[in-house]
Amino acid sequence: MISIRQVNQLYGGTRILWDLELEIEAGSCTCIMGRNGVGKTTLLKCLMGLLPIESGEILLQGEPLHSRPAEYRARAGIGYVPQGRDIFPLLTVEENLRIGLPVRKDGAKAIPDKIFELFPVLGDMMHRRGGDLSGGQQQQLAIGRALVIDPKVLILDEPNEGIQPNIVKQIGDVILKLNEEEGMTVILVEQKLGFARRVGKEFRLMEKGRIVAADRMDNLNDELIRQYLAV
Amino acid sequence: MNWLTQLFAAGRTPGNRVLPFVTVLFAVTALASMANLLLPETSPLHVSTYTITLLGKYLSYAMLALAVDVIWGYCGILSLGHGAFFALGGYAMGMYLMRQIGDRSVYGNPDLPDFMVFLNWDSLPWYWLGMDQFWFAMLMVLLVPGVLAFVFGWLAFRSRVTGVYLSIMTQALTYALMLAFFRNEMGFGGNNGLTDFKEILGFDLQSDATRVALFAITALLLGLIYVVSHLILKSRMGKVIVAIRDGESRTRFLGYRTDRYKVWLFVYSALIAAIAGAMYVPQVGIINPGEFSPLNSIEVVVWVAVGGRGTLYGAVIGVLLVNYAKTRFTAIMPEGWLFALGLLFVLVTLYLPKGLAGLWGQLTAGRQRKADTALPQEAHP
Amino acid sequence: MNALDNARELMRPDRVWPFLVPPAPPIDVSKQVLLYVEGLSVSFDGFKALNDLNLYINDGELRCLIGANGAGKTTLMDVITGKTQCDQGSVYFGQTLNLLERSEPEIAQLGIGRKFQKPTVFEAHTVLDNLEMSLKTAKGIWQTLMARLSPGEMDRIDHVLGIIGLKAQRFRLAGALSHGQKQWLEIGMLLVAEPRLLLIDEPVAGMTAEETERTAELLTSLAGEHTVVVVEHDMEFVRSIARTVTVLHQGSVLAEGTMEQVQNNRDVIEVYLGEDA
Amino acid sequence: ADTIKVGVLHSLSGTMAISETTLKDTVLMMIEEQNKKGGLLGKQLEPVVVDPASNWPLFAEKTRELLTQEDVDVIFGCWTSVSRKSALPVLEELNGLMFYPVQYEGEESSKNVFYTGAAPNQQAVPAVDYLMNELGVERWVLAGTDYVYPRTTNKILEAYLKANGVAEADIMINYTPFGHSDWQSIVSDIKKFGGEGKKTAVVSTINGDANVPFYKELGNQGVSSEDIPVVAFSVGEEELSGIDTAPLVGHMAAWNYFQSVDTDLNSEFIQKWHAFTGDDSRVTNDPMEATYVGFNMWAQAVQQAGTTDVDAVEQAMIGQEVPNLTGGTALMNKNHHLSKPVLIGEIQDDGQFEVVWETEGVVPGDAWSDFLPGSMDLIADWTAPITCGNYNVKTESCGGQAN
Amino acid sequence: MKHLLAMLGCWLGLLLVTPVVQAANTPLPPTLEPLLEALVDAKLSQAAPVLTRLEAEGGEAILPLFRTMLAGDLYYIKASKRVIAVTEMAGEETQLDLLSGAPIDRLSKREISKIRVNNSLRGQLRDAISRLQLGSVSASVREAAVRALLSDLAPGTLDAIRVARLNEGSADVREVMDMALALNRLNTATEAADRIEAIAQLEGSLEGPVRNALNRIADSDPVPQVQQAAQKALVGIEQRVEFYAFIDQLFFGLSLGSVLLLAAIGLAITFGVMGVINMAHGEMIMLGAYTTYVVQLLMPNHIDYSLWVAIPMAFIVAGLAGVLLERLVIRHLHGRPLETLLATFGVSLVLQQLVRTVFSPLNRQVASPEWMSGSWEINPVLSLTLNRLYILAFALLVFFALMLLLKKSSLGLNVRAVSQNRDMARSMGIRTGWVDAMTFGLGSGIAGIAGVALSQLTNVGPNLGQAYIIDSFMVVVFGGVGNLWGTLVAAFSLGIANKFLEPVTGAVLASILVLVFIILFIQKRPKGLFPQKGRAAE
Ligand SMILES: Nc1ncnc2c1ncn2[C@@H]1O[C@H](COP(=O)(O)OP(=O)(O)OP(=O)(O)O)[C@@H](O)[C@H]1O
Ligand SMILES: Nc1ncnc2c1ncn2[C@@H]1O[C@H](COP(=O)(O)OP(=O)(O)OP(=O)(O)O)[C@@H](O)[C@H]1O
Ligand SMILES: [Mg+2]
Ligand SMILES: [Mg+2]
C-alpha cells in the first residue's frame with residue numbers, strides 16, 4: 001500500500017530521518033514505536049506531505065506521492081490524526097468535521113452518522129468551539145475528523161495521549177473495527193505497549209531516524225523492548 | 001488565532017555584535033567629523049556639511065529604529081505609533097530652540113515665537129514656560145514622552161491589550177496627537193510647526209562646528225543606547241522579555257509580572273525615541289505635526305523589518321540602507337524612486353526573511369550552527 | 001458606579017507602587033491542609049465546567065486527580081493558578097491566603113508551580129535559559145536586570161538537567177525538542193522553581209513505559225517536602241504513585257479514597273475506567 | 001561651470017504631488033524655451049530636479065543638496081508655506097535664491113526669496129470687496145483648512161469685514177483638518193446659516209484635496225451659486241479638472257490669472273504648454289503663471305546683472321518688469337513681492353473660469369498685512385538704506401531677521 | 001441605440017431623470033428679434049433689464065431660451081448675431097436656431113460666441129422661469145415654482161401668483177400659493193389682526209422664508225400680541241426643525257459609517273480573516289476608483305450607466321490585482337504575517353507610483369450620474385443627498401452579499417480553517433493555495449468596489465488609498481478582528497459618534513475625541529467590540 005524508500009529529512013541542517021525504508025501492506029495495522037525524539041512524528045509528517053523530504057520516494061499503491069502537496073495526499077485517501085490534535089480551535093465541532101466533506105468520493109453533503117456512533121460526545125458538543133473542548137474530547141474530534149474524508153489509510157500519531165481509560169479502550173475498538181471490518185490500513189504511533197499489543201498487527205521500531213526492527217506484533221519481545229524502547 | 005500569535009512571535013535572539021558595531025560607529029563619526037572640519041573643501045576627502053547633517057539625521061532615525069526594535073523585535077509589542085514619542089521629544093527640543101531665537105524673530109518679540117504674534121496671542125501659554133532653560137527642556141524631552149508612554153502602557157498592558165489591538169491603539173494615539181498638533185489653538189505652530197532656529201546653548205546652529213558636534217553627540221548617544229540596550233537584553237531581564245514575546249501567559253505562571261516588564265520596556269523605548277527626536281530637530285531644522293503621521297511610524301517598522309528585527313544592529317542597518325536609498329533615489333530618479341523603494345521592500349521580504357542582518361546569518365550559516373551548540377558567546381562590550 | 005469601582009481597583013495604591021505591596025505572608029498549614037477548595041463553580045457560556053467542587057489537599061501529600069475527559073481537572077488548575085475566574089466558591093492556600101484575589105504571578109510567587117497539559121516551553125530560548133528563568137528567585141524588574149547565575153543556582157540547574165535527561169541538549173533551542181522532550185523540560189522548569197505545591201497536568205502523555213516509571217519515581221520522591229497534585233489518565237502510572245485518588249465527574253467530586261477503593265467504585269468504573277480496567 | 005544650473009524643488013510624490021508636479025513641468029518647459037533662445041549669458045540652462053516627497057524636513061535637506069552638492073544658481077520650488085519655512089533657513093545660510101510661485105499668507109520677506117504668487121491683499125481683500133459691493137453679501141462664512149494660510153487670511157478678512165461694519169453674528173468661521181472628506185455637517189450648517197434671510201457667501205481657503213468632496217457635497221445638498229456663492233482662493237483650473245464641474249457653475253475664485261483670459265501671450269503660453277506636455281487637455285493655472293513670470297524675471301535680471309551671482313541678481317531683480325499673461329505687466333517690488341492684477345472668475349461647466357470682475361490696475365503685493373496688529377507697522381524693503389525684510393516704521397529699526 | 005438605452009433605463013429602476021436642458025423646437029415670436037439682439041450686445045451688467053423685457057414680452061414661449069441660457073448653452077453666431085442653443089446630447093453636439101426652432105448646420109467654435117451669464121443673471125433667470133412656470137401643466141412643477149418664489153416675493157410675482165391661484169386646480173399647489181400670500185400678508189399687513197391671522201395660517205410651515213419672517217416678527221413687531229403669536233408659532237416649528245435636524249445628523253453618521261464600512265470590509269477579510277496585514281488595501285480601493293474613471297472615459301456618453309459597468313469591472317480589476325499579489329508575494333510569506341506588512345507596504349508604494357505614471361499625479365474627474373446627483377427633499381429642512389443614500393444602501397448590500405457568500409459557500413469555512421491551522425487544513429484536503437488566492441482576491445475585489453463608491457464622494461487621485469487605510473484598520477480592529485459583524489457595528493458607531501460630536505466640537509476635535517474613545521474602549525475590551533471567545537483565543 002505505502003512504500004517509503006530511502007527517505008532523508010533535514011530540519012534546518014540537522015538530519016532527522018536517515019535513508020528510512022518502510023513498507024506498509026494494504027489492510028495492515030502497523031504500530032511504529034521508538035523513544036522520544038527518534039523521528040516518528042517527523043516520519044508521519046513527511047508521509048502526509050507536511051514536511052518536505054530531502055531525498056527518497058514515497059509511493060501510495062505504486063503512485064509516487066513525494067512531489068505532491070498534502071492536500072493531494074488527503075484526496076488520495078490518507079487521513080491524518082496529528083500529535084497534539086491540531087483541532088481548528090475557533091471552528092465549531094460541526095465545522096471541524098464538515099471541513100473534510102468535499103474530499104469524500106461519494107459527495108455526501110452531511111457528516112456521516114458513523115462518526116457520531118463512534119464518538120457520541122461529538123454529537124453532544126456539536127456547536128461548541130473545537131478549542132474549548134477538553135483534551136480528550138479534542139482527541140476524539142481529531143479522529144472523527146480524519147474519518148470524515150473516508151480514508152483508505154489512517155495515520156494516527158499517539159491517539160491516546162490524555163484520554164480517559166474507557167475511551168482509550170473505545171478508540172482501540174474503533175481502530176480494530178476500522179482495520180478488521182472495513183479493511184482500512186492503519187499506521188499508528190504509540191508509546192503504550194499494552195495498547196500497541198492489543199491493536200497493532202505489525203510493529204516497526206525506530207531509532208535515530210531509521211527503522212531498526214520490523215516484525216509481527218507477536219514477536220515483540222523483551223529484548224527488543226529493552227534495546228529500543230527503554231531509556 | 002494562530003496567525004495572531006505568530007504575528008508577534010519573531011525569530012530568536014542572536015548576539016548583537018556590540019564591539020564591532022560601536023567601533024565602526026565611532027570610527028566613522030570621528031573620521032567624518034575630522035574630514036569635515038580639518039580638510040579644505042577642495043580636498044577630495046572633504047566631507048561636506050550636507051553629508052554631516054544627512055548622517056546626523058540617519059543616526060537619529062537609527063535611534064528611533066532601535067527603540068522600535070527593542071519592543072517589537074524582542075518583546076513582540078508592535079508599536080505603530082512610535083513616531084509620537086519621537087515627535088514629542090522633537091517638539092520639546094524645538095520649543096527650547098524656538099525660545100532661543102528671542103528677539104531675532106521676524107516680529108522681534110522677545111517673548112513670543114513668531115507664530116503666536118502672528119495669531120494674536122498676547123502671552124506665552126503655561127506649557128511654554130521654562131522651555132528657555134536648556135536643562136528644563138531636556139527634562140521635558142524625557143519627561144513628556146516618558147509619562148505618556150507610562151500612562152499609555154500602564155493602561156494598555158494592565159488590561160492585557162495585546163497584538164494588533166495594541167498596535168492600533170498606538171496608531172490611534174499618534175494619529176490623535178497629529179490632529180491635535182495640527183490645530184493652531186494648541187500653540188505649537190500648527191502645520192508649520194517650529195522652525196527657523198538660530199542657536200543651541202549659544203552655539204550657532206548654522207556653523208559647521210556645531211553641526212559636527214551635534215552629529216558626534218548623536219553618534220555617541222546611539223552608541224550608548226546600543227550598549228545599554230544590549231546589556232538589558234542579554235541580562236536575565238532580556239530573557240524574560242523574549243519569553244513574554246513568545247508566551248506571555250506562561251511567563252506569568254513563572255511568577256513574573258509581565259505587565260510591569262512591558263510598561264517598563266515601553267517607557268524605555270519611548271525615551272530612546274524621544275532622545276532621537278530631540279537630536280533630530282536641531283539637525284534638520286524643523287519639527288511639525290507631520291512627524292506624528294501614522295505612516296511615518298509604519299515606515300520605522302519597515303526599516304526595522306528590512307534590517308532584521310530582533311537584532312539591534314539589524315535595525316541600524318535597515319535605517320541606513322532605506323534612508324540612503326531614499327536620499328539617492330529621490331535625487332537620481334525623482335519620478336521613479338517609489339518603484340525602486342517599493343521593490344526593495346518586496347524583495348527583501350521575499351528573499352531575506354530575516355532582513356539584512358539575516359543575510360549575514362545566511363552567509364555564515366555554518367559558523368552560526370556551531371555557536372548554537374557551544375556555550376553562548378555573547379560579545380562583551 | 002461600576003466604572004468608578006473599576007477605576008478605584010485599577011488605581012489601588014499597592015497596584016501602582018510595587019513597594020506598597022505587603023511581603024508575602026507565611027503559609028499557615030497548622031491544620032495540615034495546604035489547599036482548600038470549597039464550593040467552587042465555573043461556567044462557560046452557561047456550561048458548568050466545575051460544579052460546587054470541594055477538595056482539600058494535605059501538606060506534603062501526593063494526590064492523584066482523575067476523571068473523564070472534560071470533567072474539569074484542567075479548569076480546576078486554571079482556577080487555582082489564577083488563569084480562570086470562578087463564579088462561586090473559595091480557594092485558600094494554607095489557612096489564610098485567598099488565592100482568588102491574586103493574580104497569576106502572585107500565585108506563582110507564593111509557591112504554586114504548574115505543568116500544563118500541552119507542553120509550553122519558550123521555544124526561542126535554550127533549555128538552559130528556560131530553566132534559568134524558572135529559578136526560584138526574586139522576579140522584580142530590577143532584580144532580574146541585575147541577576148547573575150550564582151554557583152548554587154548553576155548546580156541546581158545541572159542537577160535538574162540530569163534528572164530530566166536533557167544535559168546534552170542544554171544549549172539547544174527548546175523549540176527544536178521533540179514532544180516528549182518538551183514534557184521533560186517543563187517538568188524540569190517546575191523542579192528548579194522548588195514550589196510548595198506542584199500542579200501537574202498529564203506528565204506522562206507521550207512518554208515511553210520506561211520514562212513513565214521514572215516520572216513516577218520522581219514524583220514520589222518529591223512528595224513529603226512538596227505537595228503534589230497529579231492529573232493523569234494512565235492508570236498504571238496512577239496506581240504506581242497513588243496514595244489518595246480523587247475522581248472528578250462533571251465538575252464535582254465523584255469519589256475519593258485509595259486506589260483500591262476508587263477502582264472498585266461502580267460509578268467510577270462506569271464513567272471512567274470501563275469494565276475491564 | 002559651462003551651464004547654469006536651475007534647481008527644481010517640487011514634490012513629485014506624496015500628498016502635494018497633485019499640485020506641484022505641474023510646476024516642475026512648467027519650469028522644465030521654461031528652461032527648454034530659454035535654451036532654444038540660446039540660454040543665458042551664452043550658457044545653456046540645466047535643470048536639476050529632486051523630489052522632496054511632500055516631506056517638510058526633506059525640503060531643507062534637498063535645498064542644501066541643491067545648493068552645496070549640485071551648485072545650482074537658482075531654485076524654483078515649494079508650494080506649501082511649511083515647505084518654504086523649512087527651506088528658508090538653508091537658503092539664508094547658504095545665500096541661495098528661490099522663487100516661490102504660490103499665493104500665501106504673507107508675513108514674510110526674505111532676501112533670498114522672491115514671492116511671485118499673491119499676497120493676501122492681492123487675492124482675499126479684493127474678492128471680499130467684490131462680494132460686498134457687487135453682490136451685496138451681508139453674511140460671511142470663512143471656511144478653511146486649519147493651517148497658517150487660512151488662519152491668517154481669515155484673520156485679515158475678519159478684521160477687514162468688521163472694519164466695514166459687519167456684525168460678529170454675521171461671520172461664521174470654520175476650520176477643518178487637511179484632507180477633510182466628510183463635509184455633510186459643515187455644508188448643512190452653511191446652508192442653515194445662509195437660509196436666515198441675508199445674502200450669504202462662503203469665502204473658502206480650503207486646501208487641496210479637501211475641495212473636491214466639499215464642492216460635491218455643496219452640489220448634492222443643492223447649495224447653488226445664486227443662493228450662496230463660494231469664492232475660493234485655492235481652487236484653480238487644475239483642481240477643477242478633477243471635479244465634475246456641472247454643479248459648481250457660478251461659484252467663484254480669485255486669482256491673478258485665469259486660463260480663459262483672452263490675450264495673445266496667454267494663448268501662446270497655453271499652446272506651448274500643450275505642446276510640451278503632449279496633452280491638449282492640460283490646463284494652466286495661476287501658480288504656473290507665477291512661475292512663468294518669476295522665471296522670465298530671473299532671466300532678465302541675470303542678463304542685466306551679467307552674472308548668476310545671487311547678490312547681484314537679487315539687486316537686479318528689484319524693479320524688473322515682465323509682461324503678465326493676462327495683459328499688463330508684473331513689477332517686482334522692493335519687498336520681493338509682485339504687483340499684479342486681481343481677477344475674479346466664475347466657474348463654468350467646462351472647468352474654466354469666466355472673469356466677472358477685475359481690479360482697475362495692478363495691486364502691489366504687501367508682505368506685511370495692514371490688518372494684523374503685529375505687522376501693521378512692518379514693511380519690507382530690500383534696497384539701501386533699509387535693506388531689511390521686516391523694517392518697523394515706528395521704531396525705525398529692523399527686526400532680528402536681518403543679518 | 002436610443003431604444004436600447006431607454007429600455008436599459010427602465011430596467012435599471014427608473015433612476016433616470018431626463019436631462020433638464022432640452023431646447024424645444026417651437027419657434028419664438030419674431031417680435032422678440034430686436035430684444036435678442038440687445039441681449040447679444042448687452043454687457044453682463046446691462047443684461048438684466050433686457051431679460052425682464054424678454055420675460056414680459058415673450059411669455060411662456062421664452063422658457064426654452066431662458067433654460068438654455070441658465071444652463072450656459074446659449075450662443076450667438078458672430079456674423080449674424082442670431083442666438084442659437086448648443087447642446088450636447090449623447091456625445092453629439094446639436095445647434096439650434098432659437099428664433100426658428102430649427103437645427104442649423106454645425107458651425108465651428110470660432111464662428112460662435114457664448115452669451116455669458118453670471119450669478120445675478122442666473123438668479124433672475126431662475127425666478128423668471130419659476131414665474132413663467134406658474135402656468136405649467138404639471139402640478140408638481142407649479143408647486144416647485146411657487147416654493148422657489150417664496151424667498152423673493154416681489155409685487156409682480158405676487159400678482160402672478162394671485163392670478164394663477166384663481167384657476168389653480170390642484171389643492172396642494174393652492175396650499176403653497178396660500179402660504180405665499182399669507183407670508184406676504186404677514187410682511188406687509190398694517191393691521192395687527194391681519195398679521196395674527198397670517199401667522200395662524202403659516203403655523204407649522206417649515207419653509208425657510210416663513211421662519212425668517214416669523215423670527216423677525218417675534219423680535220420686532222410693534223404689537224406685543226403679534227409678537228407672542230409669532231413666538232408661539234415658532235416654538236412649534238422649531239421643535240419640528242430640531243427633530244428633523246436630529247434625523248439629518250443620524251443620516252450623516254450612517255453615511256459616514258457606510259463609507260468606513262465600505263473601506264474596511266475588504267480589509268476585514270484580508271486582514272481580519274486571513275491575517276495578512278495588507279497595507280496595499282488602500283491601493284486596491286484606489287484601483288477601483290481609477291477603474292471607474294477609465295470606464296467613464298470609455299463610455300463618455302453613457303455616464304448614467306457607467307457605474308453599473310464600473311462595479312463589476314472594479315471588482316475584477318482589483319480582485320485580479322489581489323490574486324496576483326497573493327500569488328507573487330504573499331504566498332511566500334505564510335507563517336510570517338509580519339512580513340506581509342513590509343511587502344504590502346512596498347507594493348502600495350509601487351501601485352501609487354504606477355498610477356502616477358500612468359494617469360498623471362493629478363486628480364481624475366469622475367462624473368456623478370444624473371440619478372445620483374442632488375437630494376431627496378423630504379421637507380424644506382430635511383433632505384437626504386442621493387449619492388450618500390445610494391452608497392449607504394450599497395454598503396449594506398455588499399456587506400450582506402459577502403456574509404451570504406461566506407456562509408453559503410465552502411470558501412468561508414475553508415478560509416477560516418486555513419488561517420487557524422494551515423498544515424491541518426491541507427491534511428484535510430483543502431487546496432490552501434486556491435483558498436488563499438480566492439479569498440485575497442475577494443477581499444481586494446470588494447476594496448475595488450468600495451473604490452467605485454468613493455469615487456462618487458471624493459478625489460480620485462494617487463493618494464486616495466492612503467486616506468482610508470488608517471481608518472480601515474481602525475474599524476476592523478475596533479470591531480474585533482475576524483468578526484464581520486463587528487466591522488459593521490464599528491463602522492456605523494464610529495460614523496455616528498463622529499457626526500454627533502462634530503457640531504459640538506468641530507471636525508478636528510471630533511476626530512480626536514473618537515480616537516481617544518477608541519483607545520479607552522480597547523482598554524475595556526482588549527479584543528474589540530466582538531471578541532473571539534473561548535480558550536483558543538487567549
Ligand atoms: N521544528 C523542529 N526544528 C528542529 N528540530 C526539530 C523540530 N521538530 C522536531 N525536531 C527534532 O527532530 C527530532 C525528531 O522529532 P519528532 O517530533 O519526530 O520525534 P518523535 O519521535 O515524534 O518524538 P515524541 O515521541 O516525543 O513525539 C527530535 O530530536 C527533535 O529534536
Ligand atoms: N474557555 C472555555 N470556554 C468554553 N468551555 C470551556 C472552556 N474551558 C473549558 N471548557 C469546557 O469545560 C469542560 C472541562 O474542561 P477541562 O479542560 O477542565 O477538562 P479536563 O478534565 O482537563 O479534561 P481532559 O482530561 O480531557 O484534559 C470541558 O467540557 C470544556 O469543553
Ligand atoms: Mg511525536
Ligand atoms: Mg485537561
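Predicted model: local features only at pLDDT ≥ 70, side-chain atom pairs only at ≥ 80, totals over all residues.
## Chain E and the overall layout

Chain E has a secondary structure of 21 helices and six strands. Along the principal axes, the C-alpha atoms of chain E fill a box of roughly 90 × 65 × 35 Å. Chain E has 538 residues, and 57% of them count as buried. Looking at contacts in chain E with a separation of 6 or more, 68% come from residues 24 or more positions apart.

Which chains share the most contacts? Of the eight pairs of chains in contact, that would be B and E. Other pairs stay apart. Chain A and chain D have no contact, and their closest C-alpha atoms lie 38 Å apart. Chain C and chain D don't touch either, with 33 Å between their nearest C-alpha atoms.

## Two magnesium sites

Start with the magnesium ion that is ligand 3. Its protein donors are OG1 of A:Thr41 and OE1 of A:Gln83, lying 1.8 to 2.2 Å from the ion. These two come from distant parts of the chain, 42 residues apart: A:Thr41 sits in helix α1 (residues 40-48) of chain A, and A:Gln83 in the loop between β6 (78-81) and α3 (93-98).

Over in chain C, the magnesium ion that is ligand 4 has C:Thr74 (OG1) and C:Gln117 (OE1) as its protein donors, lying 1.9 to 2.2 Å away. C:Thr74 has a relative accessible area of 18%, so it is buried.

## Helix packing in chain B

Two packed helices are described by the angle between their axes and the distance between the axes. In chain B, take helix α2 (residues 18-37) and helix α8 (residues 208-234): their axes come within 10 Å and cross at roughly 180°. That angle is why α2(B) is roughly antiparallel to α8(B). On the α2(B) side the contact includes B:Phe21, B:Leu25, B:Phe26 and B:Asn36, and on the α8(B) side B:Asp208, B:Phe215, B:Leu222 and B:Tyr226 are among the residues involved. Sorted by class, the contact has 16 nonpolar, five polar and one charged residues.

B:Lys326 is in helix α13 (residues 312-332) of chain B. B:Lys326 is a buried lysine, with a relative accessible area of 16%. What does its side chain make a polar contact with? The partner is the side chain of B:Glu299, at 2.7 Å. Not counting residues up to four places away in sequence, B:Lys326 touches B:Trp337 and B:Leu341 as well as B:Glu299.

B:Phe136 lies in helix α6 (residues 134-158) of chain B and counts as partly exposed at 22% relative accessibility. Beyond four places in sequence, B:Phe136 touches B:Leu129, B:Gly130 and B:Met131. B:Tyr96 is 40 residues from B:Phe136 in sequence, with 8.9 Å between their C-alpha atoms.

## A buried arginine in chain D

D:Arg84 belongs to helix α3 (residues 81-94) of chain D. Its relative accessible area is 0%, so D:Arg84 is buried. The side chain of D:Arg84 makes a 2.9 Å polar contact with that of D:Glu108. Leaving aside neighbours within four places in sequence, its contacts include D:Tyr100, D:Tyr104 and D:Tyr115, along with D:Cys78, D:Met98 and D:Glu105.

A few loops deserve a look. D:Ala384 and D:Pro385 are joined by a cis peptide bond, with omega about 5°. D:Pro385 sits in the loop between β17 (378-381) and β18 (388-392) of chain D.

A:Arg85 is not a glycine, yet it has a positive phi of about 70°. A:Arg85 is found in the loop between β6 and α3 of chain A, and counts as buried at 10% relative accessibility. D:Asp71, also a residue other than glycine, has a positive phi near 50°. D:Asp71 is in the loop between α2 (56-69) and β3 (74-77) of chain D, and at 52% relative accessibility D:Asp71 counts as exposed.

Conventions: Residues numbered from 1 in each chain as written. Chains lettered and ligands numbered in written order. Heavy atoms only, no water. Donors = N, O, S within 2.8 Å, 3.2 Å for Na, K, Ca; no water. Helix = DSSP H or I, 4+ residues; strand = E, 2+ residues; numbered from the N terminus. Buried < 20%, exposed > 50% of the residue type's maximum accessible area, 1.4 Å probe, protein only. Polar contact = N/O pair within 3.5 Å; in protein donor to acceptor, adjacent residues only side chain to side chain. Contact = heavy atoms within 4.5 Å. Axes fitted to C-alpha atoms, helices over the stretch in contact; angles between N-to-C directions. Parallel < 35°, antiparallel > 145°, perpendicular 65-115°, else oblique. Nonpolar A, V, L, I, M, F, W, Y, C, P; charged D, E, K, R; others polar.
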